[in-house]
Amino acid sequence: MSNELTRILFVCTGNICRSPLAEAVLRSELERRGVESRFEVDSAGTDAYHVGEPADPRMRSVARRHGIDIRTRSRRVTRADLDAYDYVFAMDAGHYRALRHGVRDESTEEKIVMFRAHDPEVNDRHFPDVPDPWYGGIDGFERVYEIVSRTCVRIADELVNGAND
Ligand code: 4NP
């Protein structure tokens, strides 16, 4: 058994709504399983508009109602992240394209996956986006919570059982 950390990165646009929620939910699921010391979990954004800011208050408030505390500050994803992390989850197809852009080696390409490829309610090979909640109402944030929550439960199970390909 290896003592190496498995590193997981979630990526969205602003790193203030979807990916910080996924980071916090996955960390909570790993803690619930008592395996958090084996993992490093982080999130980042493709865009720099909100760098240094805490997560959106609407996202934090919905998460808090579900017992999840989001404590991140926004940062932009870097090329170096693609080397450092073992799994890079794109929250939507735009992030997936942005992350894959310019990547030439297969091993890096394989790390970048659509988040909802792990959604237990998606049975299709066409993986839907986690919808961007930024311009909409609070119900959009609730919807994001539902998707992210069930998908992170599945990802945690896969990581712990080693069936995470
Ligand atoms: P996120 O949501 O990508 O889930 O953090 C967004 C936050 C900000 C913007 C877009 C999406 N924005 O255009 O500023």
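Biologist: Which side chain does a polar contact join to that of Thr108?

Modeller: This is a predicted model, in which local features need pLDDT of at least 70, side-chain atom pairs count only at pLDDT 80 or more, and totals for chains, interfaces and linings use all residues. Residues are numbered from 1 along each chain as its sequence is written, and side-chain values use heavy atoms, with hydrogens and water left out. A polar contact is a pair of N or O atoms within 3.5 Å; within protein, one must be able to donate a hydrogen and the other to accept it, and residues adjacent in sequence count only if both atoms are side-chain atoms. At 2.7 Å, the partner of the Thr108 side chain is that of Asp105.

Biologist: Is Thr108 buried or exposed?

Modeller: Thr108 lies in helix α5, residues 106-111; helices (H or I, at least four residues) and strands (E, at least two) are DSSP runs, numbered from the N terminus. Buried means under 20% relative accessible area, exposed over 50%, and partly exposed in between (1.4 Å probe, protein chains only). Thr108 has a relative accessible area of 7%, and is therefore buried.

Biologist: Leaving aside neighbours within four places in sequence, with which residues is Thr108 in contact?

Modeller: Contact means heavy atoms within 4.5 Å. With those sequence neighbours set aside, the residues in contact with Thr108 are Leu82 and Val103.

Biologist: In what order do the elements of the protein chain run?

Modeller: The secondary structure comes to 6 helices and 4 strands. Read from the N terminus on, the order is β-α-β-α-α-β-α-α-β-α.

Biologist: What share of the residues in the protein chain is buried?

Modeller: The C-alpha atoms fill a box of roughly 40 × 35 × 35 Å, taken along the principal axes. Of the 165 residues in the protein chain, the buried share is 45%.

Biologist: Which side chain has an N or O atom 2.8 Å from an oxygen atom of the ligand?

Modeller: The ligand is surrounded by Cys12, Thr13, Gly14, Asn15, Ile16, Cys17, Arg18, His50, Asp132 and Trp134, a residue being near if one of its heavy atoms lies within 4 Å. A backbone N or O atom of Thr13 lies 2.8 Å from a ligand oxygen atom, and one of Gly14 lies 2.9 Å from a ligand oxygen atom. The side chain in question belongs to His50.
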